Structures are given as C-alpha cells and as structure tokens.
Amino acid sequence: MTNGPDAAVGRKNIDKLLESIPTRTTNQKSTMRSHALRQLDTGTEIERDDAKRLLDALDAQTQKHEDERISAVMGRPEAERVILAFKELPWTKTEAAVIQVLLDNPGLTSTVLSLKMGWEGKMWHLRFGEMCKVRSHHFPRPPYVESRKDYFWSGILADLEIGNLFVMKPEAVRAFHKLGLRRAS
C-alpha cells in the first residue's frame, strides 16, 4: 500500500475486511491473523496500522464470542454444566477411574487416593486437575493458588476440606450419577 490515491482504496478494503469478520470461519480468521502478523513485520506504515486494526478487531470478535459462550454456559445449573462438559469431551478410562475413586472414597488426601489407584505421590490430584482443566471452559475460574502459581483446577469438581481432604462437590456427584458413575455401595 502507498500514500496517495491507492491509500484510499486500501483503507476501503480494510474497512470491508473488518466488517466481514463476524461472518468469517475460524480458518479464515486464522489466515487473516497470520497475514496481519506478517504485515506488522514487513508492511509499510499504513499496512502496519491496518494490520493492528485487523488484529484488534479479531481479538474483539474472539472476546465477544467467548463472552457469549460463557454467558450461555454460566446461566445453567452446575450439574448441567458437568454433564455438558463430559458429553462434549467424554472421559477417558483413566479419568473415569479418578472420578470413581473419589466418589467411593470422599474425605481422603491426594496421596491416599493415589495409592488406591496404584500410583505414588499426588498423581491422583494431577490427573483429576488435568481432567478438570481441559473442561474448564464450562465453569467459573477456580481459585488461584499463589504458592503454586496456578489455578486449583480440581476445585472445579471437588472441594478441598481441612487437612487437604478431597470431597466431590454435590452437584458433580449428581451429574456423574446421571452420566453412569455412582458411588459403590
């Protein structure tokens, strides 16, 4: 793009491109983002300005989409969100086992739950937390643990009681029951 008569044509094109963002597919938006990032490095001043505008508009569209998704999900009861999360991404054999061991053994530490799985250390907590994290978009952000510099992902589905004892949240127990995982009698 250049200054002069062609610059006005380029500005009209970027405006049309910005207007088209909501109708573009995810792949098209990804391509637009890649081109804009390349223009930031190699383009003229006008092209860099247009690239910044495009990236800002793509970010705004992504945030709007995320806000709408969160609003739709968060408006549902927690048990329903658990069901949705595990229907969208069904549990693996290992995930079913880490859920089941907590359902069957509420009020134990991560170390003891790990032992019941045949694992060492706090492997149960790691697996349970990873399972929650990959489905976290269905839930409010869990508490941040400063000492770990990360979120307490397990807190999405379980409560940590005094003495570091894990207990499945009642809503999660109900949801897993509906999904076919029940506490052993």
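**Terms and the values behind them**

Tutor: Helices α6 and α7 pack with their axes 6 Å apart, at an angle of about 90°. This is a predicted model, in which local features need pLDDT of at least 70 and side-chain atom pairs count only at pLDDT 80 or more, while totals for chains, interfaces and linings use all residues. Residues are numbered from 1 along each chain as its sequence is written, and side-chain values use heavy atoms, with hydrogens and water left out.

Student: Why are α6 and α7 called roughly perpendicular to each other?

Tutor: Axes are lines fitted to C-alpha atoms, for helices over the stretch in contact, and angles run from 0 to 180 degrees between N-to-C directions. Angles under 35 degrees count as roughly parallel, over 145 as roughly antiparallel, 65 to 115 as roughly perpendicular and the rest as oblique. The angle here is about 90°, and α6 and α7 are therefore roughly perpendicular.

Student: Which residues make the contact between α6 and α7?

Tutor: Ser110, Leu113, Ser114 and Met117 contribute from α6, and Met123, Trp124 and His125 from α7. Contact means heavy atoms within 4.5 Å.

Student: What makes α6 a helix, and where does serine 110 lie?

Tutor: Helices (H or I, at least four residues) and strands (E, at least two) are DSSP runs, numbered from the N terminus. Helix α6 covers residues 110-117, and serine 110 lies in it.

Student: Why is serine 110 called buried?

Tutor: Buried means under 20% relative accessible area, exposed over 50%, and partly exposed in between (1.4 Å probe, protein chains only). Serine 110 has a relative accessible area of 4%, so it is buried. Not counting residues up to four places away in sequence, serine 110 touches Gly121, Lys122, Trp124, His125, Asn164 and Phe166.

Student: What makes the approach of serine 110 to histidine 125 a polar contact?

Tutor: A polar contact is a pair of N or O atoms within 3.5 Å; within protein, one must be able to donate a hydrogen and the other to accept it, and residues adjacent in sequence count only if both atoms are side-chain atoms. A polar atom of the serine 110 side chain lies 3.3 Å from the backbone nitrogen of histidine 125. Likewise, the side chain of serine 136 reaches the backbone oxygen of lysine 133 at 2.8 Å.

Student: How many aromatic pairs does the structure hold?

Tutor: It holds 8 aromatic pairs. Rings of Phe, Tyr and Trp (its six-membered ring) pair if their centres lie within 6.5 Å; planes under 30 degrees apart count as stacked, over 60 as edge-to-face and the rest as tilted. Phenylalanine 86 and tryptophan 91 are 5.8 Å apart, centre to centre, with 55° between the planes, and this pair is tilted.

Student: Are these two residues buried or partly exposed?

Tutor: Phenylalanine 86 is buried because its relative accessible area is 5%, whereas tryptophan 91, at 25%, is partly exposed.

Student: What makes the pair of tryptophan 124 and phenylalanine 166 edge-to-face?

Tutor: The angle between the planes is 70°, with 5.0 Å centre to centre. The pair links distant parts of the chain, tryptophan 124 being in helix α7 (residues 123-133) and phenylalanine 166 in strand β4 (residues 165-168), 42 residues apart. Tryptophan 124 counts as buried because its relative accessibility is 0%, and phenylalanine 166 is buried at 3%. Ring pairs link Trp124, Phe128, Phe152 and Phe166 into a cluster.

Student: How do you know that the charge of arginine 141 sits over the ring of tyrosine 151?

Tutor: A charge sits over a ring if NZ of Lys or CZ of Arg is within 6 Å of the ring centre and within 35 degrees of the ring normal. The charged end of arginine 141 sits over the ring of tyrosine 151, 5.0 Å from its centre.

Student: Why is lysine 149 called exposed, and why is asparagine 164 called partly exposed?

Tutor: Lysine 149 has a relative accessible area of 56%, so it is exposed. Asparagine 164 counts as partly exposed because its relative accessibility is 48%. Lysine 149 is in the loop between β1 (144-145) and β2 (150-151), and asparagine 164 is in the loop between β3 (158-161) and β4.
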